[in-house]
Amino acid sequence: MTIMANFRRRVPGPSAHTRLKVTVPEMLAGVVVLSLLAAVAFPALLAPYNPLAINPPDAFQGPSLEHWFGTDESGRDIYSRVIFGARPSLLIGAAATAIGVGLALALGSLAGLGGRVLDFGVGRLLEVLFALPGLLLALVFIAIAGPGVVTSTVAVGLSTAPGYARIIRGQIIQVRGSGMVEAAVVLGRGRAQVVRRHLLPNALSPVFVIATLGLGQAVVWAASLSFLGLGEPPPAAEWGAMLAAGRTYLTTAWWMTFFPGLFIVFTAAASTVLGRGLQRRTVR
Amino acid sequence: MTRPAGIGGRLAAAARWLLAKALGAAFVLWAVTTLIFFGIRMIPGDPAEAILGGPGSQASAEALAQVRAEYGLDQPLVVQYFAQLGRLVQGDLGNSYSLRMPVSSLLGEQLPATLTLALLSLVLAWVVALGLATWSTLSGRSASLVSSGLEIVGAAVPHFWLASVLILLFSINLGWLPPVNTGSAEGLILPVVTLALPLAGFLGQVMRESMLTATTSPFALSARARSETEGGVLFRHSLRHAAIPGIALSGWAFGSLISGAVVVETIFARPGLGRTLLNAVTLRDIPLVTGVALVSALAYVLVMALSDLAERIADPRVRGS
(Lines give C-alpha, C1' and ligand atoms only; values in the text may rest on other atoms or scores of the structure.)
Protein backbone atom coordinates (compact mmCIF):
# COMPACT_ATOMS: atom_id res chain seq x y z
CA MET A 1 0.00 0.00 0.00
CA THR A 2 2.92 2.30 0.66
CA ILE A 3 3.92 2.02 -2.95
CA MET A 4 0.50 3.00 -4.15
CA ALA A 5 0.48 6.04 -1.98
CA ASN A 6 3.98 6.90 -3.15
CA PHE A 7 2.73 6.86 -6.69
CA ARG A 8 -0.06 9.26 -6.01
CA ARG A 9 2.40 12.01 -5.24
CA ARG A 10 4.16 13.83 -8.00
CA VAL A 11 6.86 16.16 -6.83
CA PRO A 12 6.87 19.18 -9.15
CA GLY A 13 9.85 18.80 -11.47
CA PRO A 14 13.24 19.82 -10.19
CA SER A 15 15.93 20.52 -12.79
CA ALA A 16 17.56 17.61 -14.58
CA HIS A 17 20.75 18.18 -12.63
CA THR A 18 19.21 17.80 -9.17
CA ARG A 19 17.04 14.99 -10.44
CA LEU A 20 20.02 12.90 -11.51
CA LYS A 21 22.39 13.77 -8.67
CA VAL A 22 23.04 10.83 -6.34
CA THR A 23 22.06 11.78 -2.80
CA VAL A 24 23.72 10.68 0.44
CA PRO A 25 20.85 8.35 1.44
CA GLU A 26 21.05 6.78 -2.01
CA MET A 27 24.76 6.13 -1.59
CA LEU A 28 24.14 4.57 1.83
CA ALA A 29 21.37 2.44 0.35
CA GLY A 30 23.76 1.34 -2.37
CA VAL A 31 26.33 0.28 0.24
CA VAL A 32 23.62 -1.69 2.10
CA VAL A 33 22.55 -3.44 -1.08
CA LEU A 34 26.12 -4.33 -2.04
CA SER A 35 26.79 -5.73 1.45
CA LEU A 36 23.59 -7.75 1.33
CA LEU A 37 24.50 -9.09 -2.09
CA ALA A 38 27.92 -10.07 -0.74
CA ALA A 39 26.18 -11.96 2.08
CA VAL A 40 23.91 -13.65 -0.45
CA ALA A 41 26.81 -14.68 -2.68
CA PHE A 42 29.56 -15.57 -0.19
CA PRO A 43 28.03 -16.07 3.27
CA ALA A 44 30.85 -18.38 4.37
CA LEU A 45 33.45 -15.64 3.84
CA LEU A 46 31.63 -13.17 6.08
CA ALA A 47 30.32 -15.45 8.80
CA PRO A 48 32.76 -16.80 11.41
CA TYR A 49 30.60 -19.76 12.53
CA ASN A 50 28.40 -22.47 11.09
CA PRO A 51 24.84 -21.04 11.21
CA LEU A 52 23.29 -24.37 12.23
CA ALA A 53 25.96 -25.80 14.57
CA ILE A 54 24.54 -25.99 18.08
CA ASN A 55 26.72 -25.41 21.13
CA PRO A 56 24.48 -25.66 24.21
CA PRO A 57 27.03 -24.35 26.77
CA ASP A 58 27.07 -21.04 24.86
CA ALA A 59 23.27 -20.59 24.84
CA PHE A 60 21.71 -17.14 25.40
CA GLN A 61 24.93 -15.16 25.42
CA GLY A 62 24.54 -11.44 24.88
CA PRO A 63 26.50 -9.59 22.19
CA SER A 64 30.25 -9.78 22.77
CA LEU A 65 33.48 -9.63 20.79
CA GLU A 66 33.29 -13.36 20.27
CA HIS A 67 29.60 -13.40 19.27
CA TRP A 68 28.84 -9.95 17.83
CA PHE A 69 25.08 -10.40 17.87
CA GLY A 70 24.95 -12.91 20.75
CA THR A 71 23.82 -16.53 20.63
CA ASP A 72 20.40 -18.20 20.54
CA GLU A 73 18.76 -20.86 22.73
CA SER A 74 21.05 -23.59 21.32
CA GLY A 75 24.24 -21.52 21.40
CA ARG A 76 24.23 -20.80 17.66
CA ASP A 77 25.96 -17.59 16.60
CA ILE A 78 23.30 -15.02 15.64
CA TYR A 79 25.65 -12.96 13.46
CA SER A 80 26.50 -16.00 11.33
CA ARG A 81 22.83 -16.93 11.12
CA VAL A 82 21.88 -13.42 10.01
CA ILE A 83 24.57 -13.49 7.27
CA PHE A 84 23.51 -16.94 6.06
CA GLY A 85 19.90 -15.84 6.39
CA ALA A 86 20.29 -13.12 3.75
CA ARG A 87 20.00 -15.59 0.87
CA PRO A 88 16.71 -17.33 1.81
CA SER A 89 15.16 -14.11 3.14
CA LEU A 90 15.90 -12.04 0.05
CA LEU A 91 14.91 -14.95 -2.16
CA ILE A 92 11.51 -15.13 -0.45
CA GLY A 93 11.11 -11.36 -0.83
CA ALA A 94 12.10 -11.46 -4.49
CA ALA A 95 9.81 -14.40 -5.22
CA ALA A 96 6.87 -12.69 -3.50
CA THR A 97 7.54 -9.47 -5.43
CA ALA A 98 7.75 -11.41 -8.70
CA ILE A 99 4.43 -13.11 -7.93
CA GLY A 100 2.81 -9.81 -7.01
CA VAL A 101 4.11 -7.94 -10.05
CA GLY A 102 3.29 -10.85 -12.37
CA LEU A 103 -0.30 -11.06 -11.13
CA ALA A 104 -0.61 -7.30 -11.29
CA LEU A 105 0.68 -7.23 -14.88
CA ALA A 106 -1.88 -9.81 -15.91
CA LEU A 107 -4.77 -8.04 -14.13
CA GLY A 108 -3.65 -4.54 -15.11
CA SER A 109 -3.24 -5.40 -18.78
CA LEU A 110 -6.57 -7.24 -18.84
CA ALA A 111 -8.27 -4.18 -17.41
CA GLY A 112 -6.35 -1.65 -19.50
CA LEU A 113 -6.48 -3.45 -22.84
CA GLY A 114 -9.39 -5.88 -22.61
CA GLY A 115 -12.27 -3.51 -23.18
CA ARG A 116 -14.98 -2.20 -20.95
CA VAL A 117 -16.45 -5.45 -19.61
CA LEU A 118 -13.09 -6.84 -18.52
CA ASP A 119 -12.09 -3.49 -17.07
CA PHE A 120 -15.29 -3.46 -15.02
CA GLY A 121 -14.78 -7.06 -13.85
CA VAL A 122 -11.15 -6.56 -12.88
CA GLY A 123 -12.09 -3.27 -11.20
CA ARG A 124 -14.67 -5.00 -8.99
CA LEU A 125 -12.24 -7.82 -8.14
CA LEU A 126 -9.60 -5.28 -7.11
CA GLU A 127 -12.19 -3.45 -5.01
CA VAL A 128 -12.89 -6.66 -3.10
CA LEU A 129 -9.19 -7.41 -2.63
CA PHE A 130 -8.62 -3.84 -1.42
CA ALA A 131 -11.22 -4.43 1.29
CA LEU A 132 -8.77 -6.92 2.82
CA PRO A 133 -5.79 -4.57 3.09
CA GLY A 134 -2.29 -5.16 4.40
CA LEU A 135 -1.69 -8.59 5.84
CA LEU A 136 -5.40 -9.53 5.93
CA LEU A 137 -5.53 -10.99 2.44
CA ALA A 138 -2.30 -12.88 3.12
CA LEU A 139 -3.73 -14.29 6.38
CA VAL A 140 -6.98 -15.35 4.71
CA PHE A 141 -4.97 -17.04 1.96
CA ILE A 142 -2.84 -18.89 4.52
CA ALA A 143 -5.99 -19.98 6.37
CA ILE A 144 -7.19 -21.56 3.14
CA ALA A 145 -3.90 -22.97 1.83
CA GLY A 146 -2.18 -23.80 5.13
CA PRO A 147 0.99 -22.30 6.63
CA GLY A 148 4.51 -22.81 5.31
CA VAL A 149 7.21 -20.95 3.48
CA VAL A 150 5.72 -21.46 -0.01
CA THR A 151 2.19 -20.41 0.90
CA SER A 152 3.36 -17.43 2.90
CA THR A 153 5.49 -16.27 -0.05
CA VAL A 154 2.52 -16.61 -2.41
CA ALA A 155 0.34 -14.91 0.21
CA VAL A 156 2.62 -11.87 0.36
CA GLY A 157 2.73 -11.69 -3.45
CA LEU A 158 -1.04 -11.94 -3.60
CA SER A 159 -1.63 -9.19 -1.07
CA THR A 160 0.70 -6.77 -2.86
CA ALA A 161 -0.82 -7.45 -6.29
CA PRO A 162 -4.00 -5.30 -6.11
CA GLY A 163 -2.07 -2.08 -5.47
CA TYR A 164 0.38 -2.76 -8.28
CA ALA A 165 -2.43 -3.77 -10.64
CA ARG A 166 -4.13 -0.44 -10.12
CA ILE A 167 -0.93 1.46 -10.92
CA ILE A 168 -0.28 -0.60 -14.07
CA ARG A 169 -3.87 -0.24 -15.26
CA GLY A 170 -3.70 3.52 -14.78
CA GLN A 171 -0.42 3.68 -16.63
CA ILE A 172 -1.78 1.69 -19.60
CA ILE A 173 -4.88 3.86 -19.81
CA GLN A 174 -2.76 7.00 -19.65
CA VAL A 175 -0.47 5.80 -22.46
CA ARG A 176 -3.50 4.62 -24.46
CA GLY A 177 -4.82 8.18 -24.54
CA SER A 178 -1.46 9.74 -25.36
CA GLY A 179 -0.48 11.53 -28.55
CA MET A 180 1.98 8.86 -29.65
CA VAL A 181 -0.68 6.15 -29.66
CA GLU A 182 -3.04 8.47 -31.50
CA ALA A 183 -0.32 9.17 -34.06
CA ALA A 184 0.38 5.46 -34.53
CA VAL A 185 -3.32 4.76 -35.08
CA VAL A 186 -3.57 7.64 -37.56
CA LEU A 187 -0.56 6.23 -39.40
CA GLY A 188 -2.52 3.01 -39.80
CA ARG A 189 -0.57 0.79 -37.42
CA GLY A 190 -2.38 -2.38 -36.37
CA ARG A 191 -3.69 -2.88 -32.86
CA ALA A 192 -1.15 -5.56 -32.02
CA GLN A 193 1.68 -3.35 -33.19
CA VAL A 194 0.44 -0.39 -31.16
CA VAL A 195 0.24 -2.56 -28.07
CA ARG A 196 3.66 -4.09 -28.63
CA ARG A 197 5.55 -1.00 -29.76
CA HIS A 198 3.95 1.72 -27.67
CA LEU A 199 1.63 0.59 -24.91
CA LEU A 200 3.60 -2.17 -23.23
CA PRO A 201 7.08 -0.56 -23.25
CA ASN A 202 5.75 2.69 -21.86
CA ALA A 203 3.35 1.17 -19.40
CA LEU A 204 6.04 -1.17 -18.09
CA SER A 205 8.55 1.50 -17.14
CA PRO A 206 7.05 1.93 -13.65
CA VAL A 207 7.22 -1.83 -13.08
CA PHE A 208 10.91 -1.59 -12.18
CA VAL A 209 10.16 1.17 -9.70
CA ILE A 210 7.32 -0.89 -8.23
CA ALA A 211 9.52 -3.94 -7.95
CA THR A 212 12.34 -2.03 -6.23
CA LEU A 213 10.01 -0.30 -3.77
CA GLY A 214 8.03 -3.49 -3.31
CA LEU A 215 10.95 -5.76 -2.49
CA GLY A 216 11.45 -4.13 0.90
CA GLN A 217 7.74 -4.29 1.64
CA ALA A 218 7.66 -7.96 0.65
CA VAL A 219 10.61 -8.79 2.90
CA VAL A 220 8.89 -7.00 5.80
CA TRP A 221 5.56 -8.73 5.26
CA ALA A 222 7.10 -12.17 4.78
CA ALA A 223 9.07 -11.64 7.98
CA SER A 224 5.92 -10.54 9.80
CA LEU A 225 4.20 -13.76 8.75
CA SER A 226 7.19 -15.81 9.88
CA PHE A 227 7.28 -13.88 13.14
CA LEU A 228 3.65 -14.88 13.65
CA GLY A 229 4.66 -18.51 13.12
CA LEU A 230 3.17 -18.92 9.64
CA GLY A 231 6.30 -19.01 7.48
CA GLU A 232 9.54 -20.94 7.50
CA PRO A 233 9.77 -22.74 10.88
CA PRO A 234 12.87 -22.43 13.10
CA PRO A 235 15.72 -23.48 13.28
CA ALA A 236 16.24 -22.48 9.64
CA ALA A 237 18.72 -19.61 9.23
CA GLU A 238 16.16 -17.28 7.69
CA TRP A 239 15.41 -13.86 9.18
CA GLY A 240 11.70 -14.47 9.66
CA ALA A 241 12.30 -17.86 11.24
CA MET A 242 14.90 -16.33 13.57
CA LEU A 243 12.33 -13.73 14.62
CA ALA A 244 9.80 -16.47 15.29
CA ALA A 245 12.33 -18.29 17.48
CA GLY A 246 13.29 -15.10 19.29
CA ARG A 247 9.68 -14.13 20.03
CA THR A 248 9.53 -16.53 22.96
CA TYR A 249 12.63 -14.98 24.53
CA LEU A 250 11.82 -11.33 23.81
CA THR A 251 12.16 -10.24 27.42
CA THR A 252 15.25 -12.32 28.26
CA ALA A 253 17.31 -12.46 25.04
CA TRP A 254 16.42 -9.35 23.04
CA TRP A 255 19.35 -9.80 20.63
CA MET A 256 17.62 -12.86 19.11
CA THR A 257 14.91 -10.60 17.67
CA PHE A 258 16.73 -7.27 17.44
CA PHE A 259 19.52 -8.15 15.00
CA PRO A 260 17.58 -10.15 12.40
CA GLY A 261 14.95 -7.39 12.59
CA LEU A 262 17.63 -4.73 12.08
CA PHE A 263 18.69 -6.40 8.84
CA ILE A 264 15.09 -6.44 7.68
CA VAL A 265 14.86 -2.72 8.45
CA PHE A 266 18.10 -2.09 6.49
CA THR A 267 16.79 -4.07 3.53
CA ALA A 268 13.43 -2.30 3.51
CA ALA A 269 14.98 1.13 3.96
CA ALA A 270 17.50 0.57 1.15
CA SER A 271 14.79 -0.66 -1.19
CA THR A 272 12.61 2.37 -0.39
CA VAL A 273 15.41 4.87 -0.94
CA LEU A 274 16.55 3.24 -4.18
CA GLY A 275 12.99 2.81 -5.44
CA ARG A 276 12.20 6.46 -4.79
CA GLY A 277 15.43 7.44 -6.51
CA LEU A 278 14.52 5.36 -9.56
CA GLN A 279 11.06 6.87 -9.56
CA ARG A 280 12.46 10.39 -9.44
CA ARG A 281 14.62 9.62 -12.48
CA THR A 282 12.12 7.71 -14.60
CA VAL A 283 8.50 8.56 -13.82
CA ARG A 284 7.50 12.02 -14.94
CA MET B 1 -20.08 20.04 -11.63
CA THR B 2 -23.73 21.09 -11.44
CA ARG B 3 -24.90 21.11 -7.89
CA PRO B 4 -28.41 19.91 -7.08
CA ALA B 5 -30.39 22.91 -5.94
CA GLY B 6 -32.51 23.10 -2.81
CA ILE B 7 -32.96 20.84 0.19
CA GLY B 8 -34.89 18.20 -1.78
CA GLY B 9 -32.21 17.85 -4.42
CA ARG B 10 -29.52 17.59 -1.83
CA LEU B 11 -31.43 14.96 0.15
CA ALA B 12 -31.97 12.93 -3.02
CA ALA B 13 -28.25 13.15 -3.79
CA ALA B 14 -27.41 12.04 -0.26
CA ALA B 15 -29.81 9.12 -0.53
CA ARG B 16 -28.30 8.07 -3.85
CA TRP B 17 -24.82 8.26 -2.35
CA LEU B 18 -25.89 6.20 0.66
CA LEU B 19 -27.56 3.59 -1.54
CA ALA B 20 -24.48 3.30 -3.74
CA LYS B 21 -22.26 2.81 -0.70
CA ALA B 22 -24.62 0.22 0.81
CA LEU B 23 -24.75 -1.73 -2.46
CA GLY B 24 -20.98 -1.57 -2.71
CA ALA B 25 -20.65 -2.90 0.85
CA ALA B 26 -23.10 -5.73 0.18
CA PHE B 27 -21.16 -6.65 -2.95
CA VAL B 28 -17.85 -6.73 -1.10
CA LEU B 29 -19.30 -8.90 1.70
CA TRP B 30 -20.82 -11.33 -0.81
CA ALA B 31 -17.57 -11.51 -2.79
CA VAL B 32 -15.38 -12.11 0.28
CA THR B 33 -17.70 -14.91 1.46
CA THR B 34 -17.77 -16.46 -2.00
CA LEU B 35 -14.01 -16.28 -2.52
CA ILE B 36 -13.32 -17.96 0.82
CA PHE B 37 -16.10 -20.55 0.38
CA PHE B 38 -14.86 -21.76 -3.01
CA GLY B 39 -11.19 -21.17 -2.19
CA ILE B 40 -11.30 -23.65 0.68
CA ARG B 41 -13.03 -26.24 -1.55
CA MET B 42 -10.31 -25.95 -4.19
CA ILE B 43 -7.66 -27.06 -1.73
CA PRO B 44 -7.26 -30.83 -1.38
CA GLY B 45 -8.35 -32.14 2.02
CA ASP B 46 -11.53 -33.03 3.83
CA PRO B 47 -13.22 -30.10 5.61
CA ALA B 48 -14.77 -32.52 8.13
CA GLU B 49 -11.30 -33.78 8.99
CA ALA B 50 -10.10 -30.19 9.36
CA ILE B 51 -12.90 -29.49 11.86
CA LEU B 52 -11.74 -32.47 13.93
CA GLY B 53 -8.16 -31.21 14.01
CA GLY B 54 -6.61 -32.13 10.65
CA PRO B 55 -5.35 -35.39 9.11
CA GLY B 56 -3.17 -36.07 12.15
CA SER B 57 -6.19 -36.46 14.41
CA GLN B 58 -7.04 -39.97 13.08
CA ALA B 59 -10.75 -39.25 13.35
CA SER B 60 -13.01 -42.30 13.11
CA ALA B 61 -15.43 -42.74 10.21
CA GLU B 62 -18.40 -42.24 12.56
CA ALA B 63 -17.02 -39.01 13.95
CA LEU B 64 -16.42 -37.73 10.42
CA ALA B 65 -19.94 -38.64 9.35
CA GLN B 66 -21.37 -36.93 12.40
CA VAL B 67 -19.42 -33.74 11.73
CA ARG B 68 -20.46 -33.81 8.07
CA ALA B 69 -24.10 -33.99 9.07
CA GLU B 70 -23.71 -31.38 11.81
CA TYR B 71 -22.10 -28.80 9.52
CA GLY B 72 -24.16 -29.73 6.44
CA LEU B 73 -21.06 -30.94 4.61
CA ASP B 74 -22.97 -33.94 3.22
CA GLN B 75 -25.14 -31.58 1.15
CA PRO B 76 -24.31 -30.67 -2.45
CA LEU B 77 -21.88 -27.74 -2.74
CA VAL B 78 -24.45 -25.36 -4.22
CA VAL B 79 -26.88 -26.05 -1.37
CA GLN B 80 -24.13 -25.43 1.19
CA TYR B 81 -23.18 -22.21 -0.56
CA PHE B 82 -26.70 -20.77 -0.62
CA ALA B 83 -27.33 -21.96 2.92
CA GLN B 84 -24.27 -20.01 4.05
CA LEU B 85 -25.36 -16.90 2.15
CA GLY B 86 -28.83 -17.23 3.66
CA ARG B 87 -27.39 -17.40 7.17
CA LEU B 88 -25.10 -14.46 6.42
CA VAL B 89 -28.06 -12.29 5.42
CA GLN B 90 -29.59 -13.03 8.83
CA GLY B 91 -26.34 -12.06 10.54
CA ASP B 92 -25.47 -15.65 11.44
CA LEU B 93 -21.77 -16.30 10.81
CA GLY B 94 -21.85 -19.95 11.91
CA ASN B 95 -19.89 -21.65 14.67
CA SER B 96 -16.15 -21.51 15.20
CA TYR B 97 -14.54 -24.92 14.61
CA SER B 98 -11.93 -24.48 17.31
CA LEU B 99 -13.84 -22.64 20.02
CA ARG B 100 -17.28 -24.24 19.41
CA MET B 101 -18.99 -20.88 19.86
CA PRO B 102 -21.01 -18.66 17.53
CA VAL B 103 -18.59 -16.55 15.49
CA SER B 104 -20.72 -13.44 15.88
CA SER B 105 -20.52 -13.47 19.68
CA LEU B 106 -16.75 -14.12 19.54
CA LEU B 107 -16.34 -11.12 17.25
CA GLY B 108 -18.52 -8.99 19.48
CA GLU B 109 -16.27 -9.83 22.43
CA GLN B 110 -13.03 -9.02 20.59
CA LEU B 111 -14.05 -5.98 18.58
CA PRO B 112 -13.98 -3.30 21.33
CA ALA B 113 -10.36 -4.03 22.30
CA THR B 114 -9.11 -3.71 18.72
CA LEU B 115 -11.26 -0.67 18.07
CA THR B 116 -9.85 1.12 21.13
CA LEU B 117 -6.31 0.27 20.12
CA ALA B 118 -6.79 1.31 16.49
CA LEU B 119 -8.61 4.57 17.21
CA LEU B 120 -6.10 5.70 19.85
CA SER B 121 -3.26 4.89 17.47
CA LEU B 122 -4.94 6.75 14.63
CA VAL B 123 -5.39 9.86 16.78
CA LEU B 124 -1.81 9.72 18.02
CA ALA B 125 -0.52 9.19 14.46
CA TRP B 126 -2.45 12.22 13.18
CA VAL B 127 -1.24 14.43 16.02
CA VAL B 128 2.38 13.38 15.52
CA ALA B 129 2.12 13.63 11.73
CA LEU B 130 0.55 17.10 11.73
CA GLY B 131 3.04 18.25 14.34
CA LEU B 132 6.00 16.95 12.36
CA ALA B 133 4.65 18.38 9.10
CA THR B 134 4.13 21.84 10.66
CA TRP B 135 7.51 21.83 12.37
CA SER B 136 9.42 20.74 9.28
CA THR B 137 7.57 23.29 7.13
CA LEU B 138 8.56 26.09 9.49
CA SER B 139 12.21 25.06 9.85
CA GLY B 140 13.34 25.03 6.25
CA ARG B 141 16.77 23.44 5.98
CA SER B 142 16.60 20.43 8.27
CA ALA B 143 13.20 19.68 6.78
CA SER B 144 14.33 17.56 3.88
CA LEU B 145 16.31 15.36 6.25
CA VAL B 146 13.28 14.99 8.50
CA SER B 147 11.20 14.18 5.48
CA SER B 148 13.36 11.35 4.18
CA GLY B 149 13.77 10.06 7.73
CA LEU B 150 10.00 9.98 8.19
CA GLU B 151 9.51 8.12 4.99
CA ILE B 152 11.99 5.45 5.96
CA VAL B 153 10.37 5.02 9.37
CA GLY B 154 6.96 4.72 7.71
CA ALA B 155 8.04 2.28 5.06
CA ALA B 156 10.78 0.20 6.59
CA VAL B 157 10.20 -0.32 10.33
CA PRO B 158 8.04 -3.40 10.84
CA HIS B 159 5.63 -3.43 13.76
CA PHE B 160 7.17 -6.50 15.35
CA TRP B 161 10.61 -4.94 15.42
CA LEU B 162 9.42 -1.59 16.73
CA ALA B 163 7.45 -3.37 19.45
CA SER B 164 10.51 -5.38 20.46
CA VAL B 165 12.68 -2.26 20.62
CA LEU B 166 10.06 -0.37 22.67
CA ILE B 167 9.68 -3.27 25.09
CA LEU B 168 13.43 -3.51 25.41
CA LEU B 169 13.78 0.20 26.08
CA PHE B 170 10.78 1.06 28.24
CA SER B 171 9.98 -2.22 29.95
CA ILE B 172 13.25 -4.02 30.40
CA ASN B 173 15.82 -1.21 30.65
CA LEU B 174 13.79 1.58 32.22
CA GLY B 175 11.03 -0.50 33.79
CA TRP B 176 8.44 2.22 33.18
CA LEU B 177 5.81 0.28 31.32
CA PRO B 178 4.61 -3.33 31.39
CA PRO B 179 5.90 -5.53 28.53
CA VAL B 180 2.60 -7.39 28.23
CA ASN B 181 -1.03 -6.47 28.64
CA THR B 182 -2.04 -6.07 32.29
CA GLY B 183 -5.50 -4.74 31.61
CA SER B 184 -4.49 -1.30 32.87
CA ALA B 185 -4.34 1.89 30.83
CA GLU B 186 -0.54 1.84 31.20
CA GLY B 187 -0.46 -1.37 29.24
CA LEU B 188 -2.03 0.39 26.28
CA ILE B 189 0.80 2.90 25.83
CA LEU B 190 3.39 0.70 24.12
CA PRO B 191 0.91 -1.04 21.77
CA VAL B 192 -0.57 2.31 20.72
CA VAL B 193 2.86 3.85 20.11
CA THR B 194 3.94 0.78 18.12
CA LEU B 195 0.95 1.08 15.84
CA ALA B 196 1.05 4.87 15.57
CA LEU B 197 4.72 5.55 14.74
CA PRO B 198 4.99 3.93 11.29
CA LEU B 199 1.64 5.42 10.36
CA ALA B 200 2.70 8.86 11.60
CA GLY B 201 5.94 8.65 9.65
CA PHE B 202 4.16 7.99 6.44
CA LEU B 203 1.27 10.42 6.94
CA GLY B 204 3.67 13.11 8.14
CA GLN B 205 5.72 12.85 4.99
CA VAL B 206 2.71 13.18 2.69
CA MET B 207 1.22 15.99 4.78
CA ARG B 208 4.50 17.87 4.75
CA GLU B 209 4.65 17.92 0.95
CA SER B 210 1.09 19.15 0.69
CA MET B 211 1.70 21.79 3.35
CA LEU B 212 4.83 23.08 1.61
CA THR B 213 2.88 23.49 -1.61
CA ALA B 214 0.14 25.34 0.27
CA THR B 215 2.50 27.81 2.02
CA THR B 216 3.96 28.85 -1.34
CA SER B 217 0.64 29.05 -3.20
CA PRO B 218 -1.09 32.25 -4.40
CA PHE B 219 -3.77 32.13 -1.68
CA ALA B 220 -1.08 32.07 1.00
CA LEU B 221 0.56 35.05 -0.70
CA SER B 222 -2.70 36.95 -0.76
CA ALA B 223 -3.28 36.13 2.90
CA ARG B 224 0.15 37.51 3.71
CA ALA B 225 -0.68 40.60 1.64
CA ARG B 226 -3.71 41.04 3.92
CA SER B 227 -1.11 41.19 6.73
CA GLU B 228 -1.86 37.69 7.97
CA THR B 229 0.94 36.38 10.19
CA GLU B 230 2.93 33.27 9.21
CA GLY B 231 1.20 31.40 12.01
CA GLY B 232 -2.16 32.53 10.68
CA VAL B 233 -1.29 31.35 7.17
CA LEU B 234 -0.26 28.02 8.63
CA PHE B 235 -3.27 27.41 10.83
CA ARG B 236 -6.00 29.04 8.77
CA HIS B 237 -4.87 27.86 5.34
CA SER B 238 -2.10 25.27 5.24
CA LEU B 239 -3.34 22.84 7.90
CA ARG B 240 -6.42 22.05 5.86
CA HIS B 241 -4.19 21.25 2.89
CA ALA B 242 -2.06 19.01 5.03
CA ALA B 243 -5.14 17.11 6.19
CA ILE B 244 -6.45 16.35 2.71
CA PRO B 245 -3.83 13.78 1.62
CA GLY B 246 -3.98 12.32 5.12
CA ILE B 247 -7.70 11.73 4.70
CA ALA B 248 -7.18 10.34 1.21
CA LEU B 249 -4.79 7.78 2.68
CA SER B 250 -7.36 6.50 5.20
CA GLY B 251 -7.72 3.20 3.38
CA TRP B 252 -3.99 2.71 3.59
CA ALA B 253 -4.02 3.72 7.25
CA PHE B 254 -6.73 1.15 7.92
CA GLY B 255 -4.60 -1.55 6.30
CA SER B 256 -1.59 -0.55 8.36
CA LEU B 257 -3.61 -0.52 11.60
CA ILE B 258 -5.33 -3.84 11.05
CA SER B 259 -2.20 -5.72 9.99
CA GLY B 260 -0.33 -4.02 12.80
CA ALA B 261 -3.04 -5.08 15.24
CA VAL B 262 -2.42 -8.75 14.42
CA VAL B 263 1.26 -8.36 15.31
CA VAL B 264 0.86 -6.00 18.26
CA GLU B 265 -1.94 -7.94 19.93
CA THR B 266 0.16 -11.08 19.63
CA ILE B 267 3.33 -9.51 21.06
CA PHE B 268 1.63 -7.69 23.93
CA ALA B 269 -0.76 -10.58 24.62
CA ARG B 270 -3.78 -8.32 24.21
CA PRO B 271 -7.24 -9.60 23.37
CA GLY B 272 -8.68 -8.45 20.06
CA LEU B 273 -9.64 -9.25 16.49
CA GLY B 274 -6.04 -9.45 15.30
CA ARG B 275 -5.02 -12.17 17.73
CA THR B 276 -8.32 -13.97 17.17
CA LEU B 277 -7.59 -13.92 13.44
CA LEU B 278 -4.07 -15.25 13.92
CA ASN B 279 -5.31 -18.12 16.11
CA ALA B 280 -8.06 -18.87 13.61
CA VAL B 281 -5.54 -18.88 10.73
CA THR B 282 -3.15 -21.15 12.63
CA LEU B 283 -5.96 -23.62 13.42
CA ARG B 284 -7.55 -23.10 9.97
CA ASP B 285 -10.84 -22.28 11.65
CA ILE B 286 -12.56 -21.16 8.45
CA PRO B 287 -15.85 -19.78 9.88
CA LEU B 288 -13.90 -17.61 12.30
CA VAL B 289 -11.48 -16.44 9.58
CA THR B 290 -14.44 -15.63 7.34
CA GLY B 291 -16.07 -13.73 10.20
CA VAL B 292 -13.01 -11.57 10.92
CA ALA B 293 -12.52 -10.98 7.18
CA LEU B 294 -16.15 -9.87 6.82
CA VAL B 295 -16.01 -7.55 9.84
CA SER B 296 -12.83 -5.90 8.62
CA ALA B 297 -14.07 -5.66 5.03
CA LEU B 298 -17.19 -3.95 6.34
CA ALA B 299 -15.07 -1.65 8.47
CA TYR B 300 -12.92 -0.87 5.43
CA VAL B 301 -15.95 0.07 3.34
CA LEU B 302 -17.16 2.25 6.21
CA VAL B 303 -13.78 3.93 6.59
CA MET B 304 -13.68 4.65 2.87
CA ALA B 305 -17.18 6.16 2.93
CA LEU B 306 -16.29 8.31 5.93
CA SER B 307 -13.04 9.48 4.37
CA ASP B 308 -15.02 10.33 1.22
CA LEU B 309 -17.31 12.49 3.36
CA ALA B 310 -14.41 14.05 5.26
CA GLU B 311 -12.64 14.86 2.00
CA ARG B 312 -15.75 16.68 0.78
CA ILE B 313 -15.79 18.74 3.97
CA ALA B 314 -12.07 19.53 3.94
CA ASP B 315 -11.68 20.09 0.22
CA PRO B 316 -14.27 22.29 -1.52
CA ARG B 317 -12.88 21.29 -4.92
CA VAL B 318 -14.28 17.76 -4.75
CA ARG B 319 -17.74 18.84 -3.58
CA GLY B 320 -20.50 18.27 -6.05
CA SER B 321 -18.34 16.24 -8.41
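Colleague: Which side chains meet R124(A) in a salt bridge?

Modeller: Side chains of opposite charge can pair when their charged atoms come close. A salt bridge here is a side-chain nitrogen of Lys or Arg within 4 Å of a carboxyl oxygen of Asp or Glu. R124(A) meets E127(A) that way, at 3.1 Å from N to O. One caveat: this is a predicted model, where local features need pLDDT of at least 70, side-chain atom pairs need 80 or more, and totals for chains, interfaces and linings use all residues. Side-chain values use heavy atoms, without hydrogens and water, residues are numbered from 1 along each chain as written, and chains are lettered from A and ligands numbered from 1 in the order written.

Colleague: Where do R124(A) and E127(A) sit in helix 6 of chain A?

Modeller: They are three residues apart, so about one helical turn separates them. Helices are DSSP runs (H or I, at least four residues), numbered from the N terminus.

Colleague: What does R281(A) pair with?

Modeller: R281(A) bridges to E26(A), with the closest N and O atoms 3.0 Å apart. R281(A) is in helix 12 of chain A and E26(A) in helix 3 of chain A, so the bridge ties together parts 255 residues apart in sequence.

Colleague: Is E26(A) buried or exposed?

Modeller: Buried means under 20% relative accessible area, exposed over 50%, and partly exposed in between (1.4 Å probe, protein chains only). E26(A) is buried at 10%, while R281(A) is partly exposed at 23%.

Colleague: Which residue does K21(B) meet in a salt bridge?

Modeller: That's D308(B), at 3.5 Å from N to O.

Definitions and conventions: Helix = DSSP H or I, 4+ residues; strand = E, 2+ residues; numbered from the N terminus.
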